There are 2 protein chains.
Amino acid sequence: MIGHEYFMRLALKEAEAAFKKGEIPVGAVIVSEEVIIAKGHNQTEALDDVTAHAEMIAITSAANAIGSKYLRNCTLYVTLEPCVMCAGALYWAQIGRVVYGATDEKRGFTRVGNLLHPKTELIGGILQEEAESLLREFFRKLR
Amino acid sequence: MIGHEYFMRLALKEAEAAFKKGEIPVGAVIVSEEVIIAKGHNQTEALDDVTAHAEMIAITSAANAIGSKYLRNCTLYVTLEPCVMCAGALYWAQIGRVVYGATDEKRGFTRVGNLLHPKTELIGGILQEEAESLLREFFRKLR
């Protein structure tokens with residue numbers, strides 16, 4: 001079995017793509033049976049759209065790829081803990097598993113409660129330091 | 001000043017458009033200085049996409065219309081209380097005001113807490129009966 005770190009590295013690649021475009025560096029991939037069916041990175045600045053988070057783009061793309069809006073047998077890998085909006089979308093998608101890297105103390109959904117579907121497994125802290133270091137570098141450059 | 005009912009009637013028209021397409025009948029319009037800058041209706045079935053709620057479509061469209069992802073001087077009129085996902089998006093957009101029709105006891109965001117931006121005004125119950133009756137008719141036909 002390919003491990004969580006393998007897919008999280010691909011999510012980090014997406015985050016780096018966002019970084020290069022001047023977007024807050026968050027990336028995501030969605031995996032079904034060890035195959036990547038969707039990826040996305042934050043594009044809120046480029047699209048001037050608050051809904052264009054990495055996870056939202058990946059969810060829409062994954063649903064398109066498998067022809068179903070339910071992602072029950074899928075795992076989302078995302079470099080940063082999802083926000084309330086993205087957790088709400090993941091709830092509707094009934095996604096099988098959510099794996100995130102860095103914790104988002106301010107805007108992460110877990111500060112509100114478990115907003116995911118009861119059947120969704122949640123794992124945090126995979127390649128956390130890499131994700132955090134990318135975010136830190138981005139915000140340092142902004143100043 | 002044009003009242004809340006006027007704009008909610010237009011949101012109800014959007015909900016009716018969803019109904020005719022076999023979508024759960026929820027509609028939304030976004031207004032800035034008494035001008036409608038965006039509208040949307042639920043398209044989760046047609047697009048096979050859990051993120052295609054009326055509010056999400058309207059938020060993206062409004063941001064596009066005014067060239068800003070922040071909707072601080074705007075009011076969203078939506079026929080049903082927003083879900084957690086949509087409330088999260090409205091938070092990021094820092095929308096000025098949210099006006100809804102029917103309460104969503106099961107999936108409405110207020111059961112979780114006030115997820116909106118601290119500056120967002122929230123008003124519920126405008127043309128509530130019309131919105132509820134449309135939803136009831138839809139679910140009765142489904143059975």
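Here is a tour of a few stops, going from one chain to the contact between chains and on to the other chain.

Before you click on anything, keep in mind that this is a predicted model.

**Stop one: a helix pair in chain B**

Select residues 54–66 of chain B, which is helix α2, and then residues 84–93 of chain B, helix α3. Two packed helices are described by the angle between their axes and the distance between the axes. In this pair the axes come within 9 Å and cross at roughly 20°. That makes α2(B) roughly parallel to α3(B), given that angles under 35 degrees count that way. The crossing of these two, α2(B) and α3(B), is left-handed.

Which residues of α2(B) meet α3(B)? They are B:Glu55, B:Met56 and B:Ile59, and on the α3(B) side you'll find B:Met85, B:Cys86, B:Ala89 and B:Leu90. Sorted by type, the residues of this contact between α2(B) and α3(B) come to six nonpolar, no polar and one charged.

**Stop two: where the chains meet**

Show both chains together. Here 25 residues of chain B are in contact with 25 residues of chain A. The area buried between chain B and chain A is about 2,200 Å², and carbon and sulfur atoms give 67% of it. Pick out B:Val50, B:Lys69 and B:Trp92: they supply 31% of the area that chain B buries against chain A, more than any other three residues.

**Stop three: a salt bridge inside chain A**

Over all chains the count comes to seven salt bridges. For one of them, zoom in on A:Glu121 and A:Arg97, whose side chains meet at 2.8 Å, N to O. A:Glu121 sits in strand β5 (residues 121–123) of chain A and A:Arg97 in strand β4 (residues 97–102) of chain A, so the pair ties together parts that are 24 residues apart in sequence.

**Stop four: the helix pair in chain A**

Finish with helix α2 (residues 54–66) and helix α3 (residues 84–93) of chain A, whose axes come within 9 Å and cross at roughly 20°. The crossing of α2(A) and α3(A) is left-handed. Look for A:Glu55, A:Met56 and A:Ile59 in α2(A) meeting A:Met85, A:Cys86, A:Ala89 and A:Leu90 in α3(A).

Notes
Residues numbered from 1 in each chain as written. Chains lettered and ligands numbered in written order. Predicted model: local features only at pLDDT ≥ 70, side-chain atom pairs only at ≥ 80, totals over all residues. Heavy atoms only, no water. Axes fitted to C-alpha atoms, helices over the stretch in contact; angles between N-to-C directions. Helix = DSSP H or I, 4+ residues; strand = E, 2+ residues; numbered from the N terminus. Parallel < 35°, antiparallel > 145°, perpendicular 65-115°, else oblique. Left-handed = near helix turned anticlockwise from the far one by under 90°. Contact = heavy atoms within 4.5 Å. Nonpolar A, V, L, I, M, F, W, Y, C, P; charged D, E, K, R; others polar. Buried area = accessible area lost by both parts, 1.4 Å probe. Salt bridge = Lys/Arg side-chain N within 4 Å of Asp/Glu carboxyl O.
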